[in-house]
Amino acid sequence: MPMLAGYMVPHPPIAVHEIGRGEEKKIQPTLNSYDRVARHIAEIKPDTIVLVSPHSVCYGDYFHISPGAGATGNFARFGVPSLSISVGYDTMLRDRICELCLRDGVAAGTDYERDPYLDHGTLVPLYFIGKRYTDFKLIRIGLSGFSLREHYHLGQLIQEACDSSDERVVFVASGDLAHCQKEDGPYGYKPEGPEYDEKLMEVMGRAAFKELLDFPGALLDECMECGHRSFCMIGGVFDGVPVRTEILSHEATFGVGYGFGIYEPLG
């Protein structure tokens with residue numbers, strides 16, 4: 001069954017109420033957008049969510065796909081160890097993705113796991129999705145040092161795996177935008193920060209996914225983004241597929257860009 005929907009989402013821990021303790025209200029558009037994404041997923045009722053996170057296990061020359069039957073994680077890094085999330089993994093679809101990667105010579109699989117615990121790039125989206133919908137299994141994928149095009153190709157293989165499955169699947173691309181958009185932000189200000197965000201949101205707003213591959217490496221380095229490869233992967237998932245695009249919000253209130261988009265195949 002073709003991928004039913006895709007989502008571009010950020011992962012700011014401060015958006016989690018138990019961490020923000022009121023500060024999250026300063027990014028209300030982000031909270032509203034997350035609720036919209038969660039409601040949308042709940043309407044679709046997917047069997048499986050494929051989620052790619054920049055903070056999962058990452059290698060320079062390998063796409064790591066989380067192994068085992070499931071995993072758990074908590075927000076101890078952010079002062080709330082009691083807030084934890086557990087999820088089961090979709091082992092059958094995961095194995096199919098690995099088979100296709102092997103067929104195409106893509107270095108990807110479930111080997112070399114350094115840390116089995118869910119990272120915050122996974123936990124934050126699951127925290128909000130879980131408020132509306134919990135009846136799903138997860139496939140968690142990390143980024144790599146491979147090229148943008150190779151991330152796009154992995155997205156194509158994920159779509160191919162879904163096409164040969166009867167499961168209802170959605171894709172979540174977790175990633176913040178530029179991190180250097182305010183002098184008083186955690187990473188200061190660089191003009192490349194707003195430049196990247198403006199360009200990225202314009203491209204994602206048109207679902208012109210192949211244009212993601214043309215972003216200059218110097219711009220990606222200088223703007224300190226963390227989600228561009230995630231977005232390339234969602235581009236591969238919908239390669240050649242007409243989609244309806246809904247951009248929900250974009251802000252950089254704390255100096256880091258948070259952007260949301262929903263992508264639904266037409267027909």
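These questions and answers go through a predicted model of one protein chain.

The model is predicted: local features need pLDDT of at least 70, side-chain atom pairs count only at pLDDT 80 or more, and totals for chains, interfaces and linings use all residues. Residues are numbered from 1 along each chain as its sequence is written, and side-chain values use heavy atoms, with hydrogens and water left out.

Reader: How many helices and strands does the protein chain have?
Author: Helices (H or I, at least four residues) and strands (E, at least two) are DSSP runs, numbered from the N terminus. By that count the protein chain has eight helices and ten strands.

Reader: What is the radius of gyration of the protein chain?
Author: The radius is taken over C-alpha atoms, and the globule rule is 2.2 Å times the number of residues to the power 0.38. For 267 residues the rule gives 18 Å. The chain comes close to that, so it is as compact as a globular protein of that length; its radius of gyration is 17 Å.

Reader: What does the C-alpha trace span along its principal axes?
Author: The trace belongs to the protein chain. Its span is about 50 × 40 × 40 Å.

Reader: What percentage of the residues in the protein chain is buried?
Author: Buried means under 20% relative accessible area, exposed over 50%, partly exposed in between (1.4 Å probe, protein chains only). The chain has 267 residues, and the buried share is 57%.

Reader: Among contacts between residues at least 6 apart in sequence, what percentage joins residues at least 24 apart?
Author: Contact means heavy atoms within 4.5 Å. In the protein chain, the share of these contacts that joins residues at least 24 apart is 79%.

Reader: How many disulfides does the count come to?
Author: A disulfide is a pair of cysteine sulfur atoms within 2.5 Å. By this rule the count is zero. Cys98 is in no disulfide, and its nearest cysteine sulfur, 6.3 Å away, is that of Cys101. The count stays at zero disulfides.

Reader: Which cysteine has the sulfur closest to that of Cys223?
Author: Cys223 is buried, with a relative accessible area of 0%. Its sulfur is 6.1 Å from the closest cysteine sulfur, too far for a bond. That closest sulfur is in Cys180.

Reader: Is Ala178 buried or exposed?
Author: Ala178 is found in the loop between strand 8 (169–174) and helix 6 (192–205). It touches residues including Tyr196, Cys223 and Val256, not counting residues up to four places away in sequence. Its relative accessibility is 0%, so Ala178 counts as buried.

Reader: How far apart in space are Ala178 and Leu219, C-alpha to C-alpha?
Author: In sequence, Ala178 and Leu219 are 41 residues apart. In space, the distance is 9.9 Å.

Reader: How far apart in space are Ser147 and Gly73, C-alpha to C-alpha?
Author: Ser147 has its place in the loop between strand 7 (137–142) and helix 5 (148–163). At 33% relative accessibility, Ser147 counts as partly exposed. Ser147 and Gly73 are 74 residues apart in sequence, and their distance in space is 29 Å.

Reader: What is the relative accessible area of Thr30?
Author: Thr30 sits in helix 2 (residues 28–44). Leaving out residues up to four places away in sequence, Thr30 touches Pro12, Ser249, Glu251, Tyr258 and Phe260. Thr30 is buried, and its relative accessible area is 0%.

Reader: How many residues of helix 8 are buried?
Author: Helix 8 covers residues 228–237. Among its buried residues are His228, Phe231, Met233 and Val237.
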